[in-house]
Amino acid sequence: MNSKRSFLCAAAALILLIAADQLTKQLAVQYLYQNEPFEIIPGVFELHFLINKGAAFGIMQNHQYFFAAVTCAVLCVLVWVYGKTVSLPRFRPIRLLLILLMSGAVGNLLDRVRLGYVIDFFYFKLIDFPIFNVADCYVVVSVILLTVLILFVYKEEDLDELGRHLRPGGGKKS
C-alpha cells in the first residue's frame, strides 16, 4: 500500500474510532448523567457516569492544560513514528496499534479541551476498578498489544530495522 493511501486509511480509521468514543460519551451524558448507575452484571459491571478532571485513576486533578500539552506532544511523536514506518509492510500491526493509541489520546483530548474534563462511565464494581471510557480502552489495549509485539513477536533484527528507520536519515544503514 502506498504511503498516501496508508495515510488516508489511517485518517479514516482515526475519525471512525474517535467518533465511536465521542458517541459513547454523548450517550453516557444523555442516559447516565444525574441518574443511578445502570447495572449490566449486578455487583460486577455497571455504567456509572463520572466527570474526571484528572488523568488515569483520577490522579493530578485539575491539570487540564498540562494533560492537553503532553497529549499534543505525544501525538506529534506518534504521527512521526507512523510516517517513518509506513513503508515497512511487516510493521503494519504496529501502525494499526499506533492508530488505536492516537484515537484514544485524541478522544480524551477533545473532552479536556471542549469540556475541561473527561467523561468516564465503565465501572467494574466487583474489583472497584477506576471508572474509564472507550478512549481509555483504546490506549490500554494498544499499549498492551504493542508491548506483546515488541517483546514476543518481532525479532531483534526487526527491531533494529525499525530503529534505523526512526533515526535521523531514516532507513539508511550506518
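Keep in mind that the model is predicted. Let's start with the whole chain. It has five helices and three strands. Read along the sequence, the pattern is α-β-β-α-α-β-α-α. The C-alpha trace spans about 60 × 30 × 30 Å along its principal axes. Of the 174 residues, 37% are buried. The accessible surface is about 10600 Å², and carbon and sulfur atoms account for 69% of that area.

Now contacts along the chain. Take those between residues at least 6 apart in sequence. Among these, 65% join residues at least 24 apart.

On to helix H4, residues 134-153. What span should its 20 residues have? At 1.5 Å a residue, we expect 28 Å. The end C-alpha atoms are 26 Å apart, which agrees.

Look at the start of H4. There, a side-chain oxygen of asparagine 133 comes to within 2.9 Å of the backbone nitrogen of alanine 135.

Which residues of H4 are buried? They are Val134, Ala135, Tyr138, Ser142, Leu146 and Leu149. Now look down the axis of H4. The buried residues fall within an arc of 105°, so they line one face of the helix.

What covers them? The cover includes helix H1 (3-32), helix H3 (92-115) and strand S3 (118-124).

Turn to the other side of H4. Here Ile144, Leu151 and Phe152 are exposed.

Note on methods
Residues numbered from 1 in each chain as written. Predicted model: local features only at pLDDT ≥ 70, side-chain atom pairs only at ≥ 80, totals over all residues. Heavy atoms only, no water. Helix = DSSP H or I, 4+ residues; strand = E, 2+ residues; numbered from the N terminus. Expected span 1.5 Å × (residues − 1). Buried < 20%, exposed > 50% of the residue type's maximum accessible area, 1.4 Å probe, protein only. Arc of directions from axis to C-beta. Contact = heavy atoms within 4.5 Å. Polar contact = N/O pair within 3.5 Å; in protein donor to acceptor, adjacent residues only side chain to side chain. Areas by Shrake-Rupley, 256 points an atom, 1.4 Å probe, with all protein chains shown as cover.
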